[in-house]
Amino acid sequence: MTTVRLDQLEVREGVAIGSSSPWQTALRALARDRSALVGAIVIAIIAMVAIVTPLVFPDDYCIAQPDIIGLKNIPPSFTHPLGTDKFSRDVLARLICGARVSLSIAFLSVLVAATVGTVYGAIAGYLGGIADSLLMRLVDALLAIPRVLLLIAVATLWNRLEITGLILLLGLTGWFGVSRLVRTLVASARHDEFVAAARALGASDLRILGQHILPRVVSPVLVAATLGIGNVIVIEAGLTYLGMGVQPPRASWGSIFYDGVEYFPSVWWVCVFAGAALVVTVLAVNLVADGLREALDARQLPPR
Amino acid sequence: MRRFLARRLAHGAAVIVIAASLSFALVHLAPGDPFSGSPDGFAIDPETARIRRSEYGLDRPLLQQYLAFMGHLAVGDLGRSIRHGRPVSAVLADALPHTVLLMGTALLLSFAGGVTLGAWQAARRGSRADRVAGTTSLVVVSLPEFWLGLVLLLVFVYKVPILPGGGVVDLMHDSLSPAGKLLDRARHLALPSLTLALLGTATIARYQRAALLDVLPQDFVRTARAKGVAERWVIYRHALRNALLPTIVLAGLSLPTLLGGAVFVEQVFSWPGMGSEAAAAFSARDYPLVVGAALLGAVMVVIGSLITDVLHAAVDPRVRPR
């Protein structure tokens with residue numbers, strides 16, 4: 001007769017009960033919600049264009065200045081569908097390169113934020129007591145310093161941040177809210193009966209946290225992270241607009257917009273298209289986040 | 001209530017001490033200092049830099065600097081701004097009223113507008129009007145502050161020039177009559193506060209609508225309806241009161257975001273508030289002013305959340321600790 005360890009048995013049972021993963025639930029919910037579906041499709045298209053186009057066009061196409069005087073500030077036409085900017089660069093090409101920069105900064109920094117926030121919050125919530133209070137007071141203090149002031153401070157003190165630095169900066173200033181959320185969820189789950197049961201069966205702390213508690217945290221964190229992506233796209237554009245984000249000649253939607261401001265009313269196409277790309281993407285992300293929130297019933301999160 | 005207040009005050013003070021230490025650490029972790037020359041290659045004579053460093057105490061051991069900083073902070077002394085050559089507190093005191101005026105107006109407008117719009121939507125939930133308003137709010141919350149600010153600037157300053165495009169008062173402000181002065185200030189305040197208020201209204205309206213829809217299925221609402229109270233009255237008198245609580249909390253929690261938004265908006269409209277002062281201090285590596293601005297931001301947020309908590313406890317006996 002084979003011996004089966006009791007905690008393994010318990011885990012297998014847990015899997016059988018919650019047979020659809022949070023991802024499946026989320027996908028199914030998205031497919032039902034029409035506006036969320038539209039948002040998801042828009043994001044998918046923009047992401048595809050951002051990923052595929054550089055494979056077709058050379059990478060530096062968006063900073064190429066073929067004829068610096070003759071092609072300056074020309075309105076949309078067949079050769080330049082969205083016109084050219086004050087440095088005679090093709091706006092469409094720059095928007096596509098910008099999509100890659102803006103979107104990867106947003107996705108990666110939110111990934112950093114969600115990871116750090118989840119780990120930190122889970123530790124605080126699981127430990128409880130004085131350690132929890134201390135860890136959370138630190139988060140309170142970090143949340144009290146307005147994020148934009150913090151970002152401007154770091155961006156300027158470490159002048160000329162590379163993209164990696166920017167991703168880390170946005171990620172490491174974005175996890176405070178997530179950690180508070182995770183901490184609350186973990187602290188309340190810690191006293192649930194299924195945790196007591198797992199512990200009675202001899203499961204270690206790490207196992208309880210990883211296998212039993214954290215799966216319950218996934219959907220709220222997913223919603224918070226989706227909202228965070230929209231937020232970070234806006235913040236990155238704002239920082240770049242202030243000259244503290246992505247550095248020229250590299251394109252991001254913020255820097256393209258900034259390049260267009262100088263000639264704005266007469267050369268409208270640079271600002272309008274960069275602004276449109278920014279707003280449409282953020283709107284699409286927020287539609288998906290709204291849909292996810294409804295579907296996963298993560299109503300404890302504030303809107304946006 | 002008094003003990004609750006004392007606990008919250010102690011908590012707020014602890015948060016401020018930690019925030020102060022963090023901003024001190026942040027500034028001193030950064031490479032270079034105010035006298036190591038600018039990143040654009042403009043250099044400072046090493047001897048001058050050495051003298052200036054010792055003048056500002058930057059050559060002392062870090063721990064000693066930290067203790068001195070915290071000691072001065074305890075008596076409200078934030079040091080001297082390097083850029084202005086004046087005490088940091090004086091520089092910030094000049095900028096603070098502008099920011100408070102801007103944020104206060106924006107908060108008031110967005111609260112009034114957001115609660116009204118949210119309740120109006122909840123009263124006709126599911127209708128076409130509700131959906132149009134909901135979509136519009138979602139579009140507005142997706143807009144970057146500087147973008148919205150620039151669009152308003154373009155429309156009301158360049159296309160239909162009816163409002164001034166920047167600053168707090170007109171050049172001729174001093175020659176105006178008292179009523180004219182007030183009008184002049186209001187006209188200058190209009191666009192920056194409207195930018196922030198539009199975003200705030202959309203955020204609060206979305207939240208208010210959801211909060212009302214959470215309250216509507218509750219028993220007391222059913223009771224009111226059963227008594228024959230008109231549906232509009234049920235929403236505006238019975239449900240709204242209960243649904244206001246989460247909105248008050250949200251308004252308090254959104255203070256850091258509002259302050260961050262104000263930084264961009266102040267830049268767009270050349271509004272001489274804390275945001276502009278901070279951005280300038282950061283690029284000049286004015287350590288004391290950087291720390292002071294970040295700290296003042298934290299203090300404002302702490303005071304804001306304290307007021308929120310007290311308001312919340314005053315309105316809702318359930319959250320008052322026994």
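**Exercise 1.** How many helices and how many strands are there in chain A?

*Solution.* The model is predicted; local features need pLDDT of at least 70, side-chain atom pairs count only at pLDDT 80 or more, and totals for chains, interfaces and linings use all residues. Residues are numbered from 1 along each chain as its sequence is written, while chains are lettered from A and ligands numbered from 1 in the order in which they are written.

Step 1. Helices (H or I, at least four residues) and strands (E, at least two) are taken as DSSP runs, numbered from the N terminus.
Step 2. Chain A has twelve helices and zero strands. Along the sequence its pattern reads α-α-α-α-α-α-α-α-α-α-α-α.
Step 3. Of the 304 residues in chain A, 47% are buried (20 or more other C-beta atoms within 10 Å of a residue's own, C-beta atoms being placed from the backbone).

**Exercise 2.** Find where in chain A confidence is lowest and where it is highest.

*Solution.* Step 1. Confidence is given as pLDDT, the predictor's score for each residue from 0 to 100. Chain A averages 78, and 82% of the residues score at least 70.
Step 2. The lowest mean, 41, belongs to helix H1 (residues 6–17) of chain A, and the highest, 89, to helix H4 (residues 91–127) of chain A.
Step 3. Residues 1–19 of chain A stay under 50, with nine contacts beyond four places in sequence; a contact requires C-beta atoms, placed from the backbone, within 7 Å. Residues 299–304 of chain A are also below 50, and this stretch has 16 contacts beyond near neighbours in sequence.

**Exercise 3.** Describe the side of chain B that touches chain A.

*Solution.* Step 1. Chain B brings 45 residues to the contact and chain A brings 37 residues.
Step 2. On the side of chain B, H1(B) gives the most, with eight residues.
Step 3. By class, this side has 36 nonpolar, seven polar and two charged residues (nonpolar: Ala, Val, Leu, Ile, Met, Phe, Trp, Tyr, Cys and Pro; charged: Asp, Glu, Lys and Arg; polar: the others, Gly among them).

**Exercise 4.** How are H9(B) and H12(B) oriented to each other?

*Solution.* Step 1. Their axes come within 8 Å and cross at roughly 170 degrees. Axes are lines fitted to C-alpha atoms, for helices over the stretch in contact, with angles from 0 to 180 degrees between N-to-C directions.
Step 2. H9(B) and H12(B) are therefore roughly antiparallel (angles over 145 degrees).
Step 3. Among the residues making the contact are B:Leu245 and B:Ile248 of H9(B), and B:Leu311 and B:Val315 of H12(B).

Notes:
Contact = placed C-beta atoms within 7 Å. Parallel < 35°, antiparallel > 145°, perpendicular 65-115°, else oblique. Buried ≥ 20, exposed ≤ 12 C-beta atoms within 10 Å, placed from the backbone.
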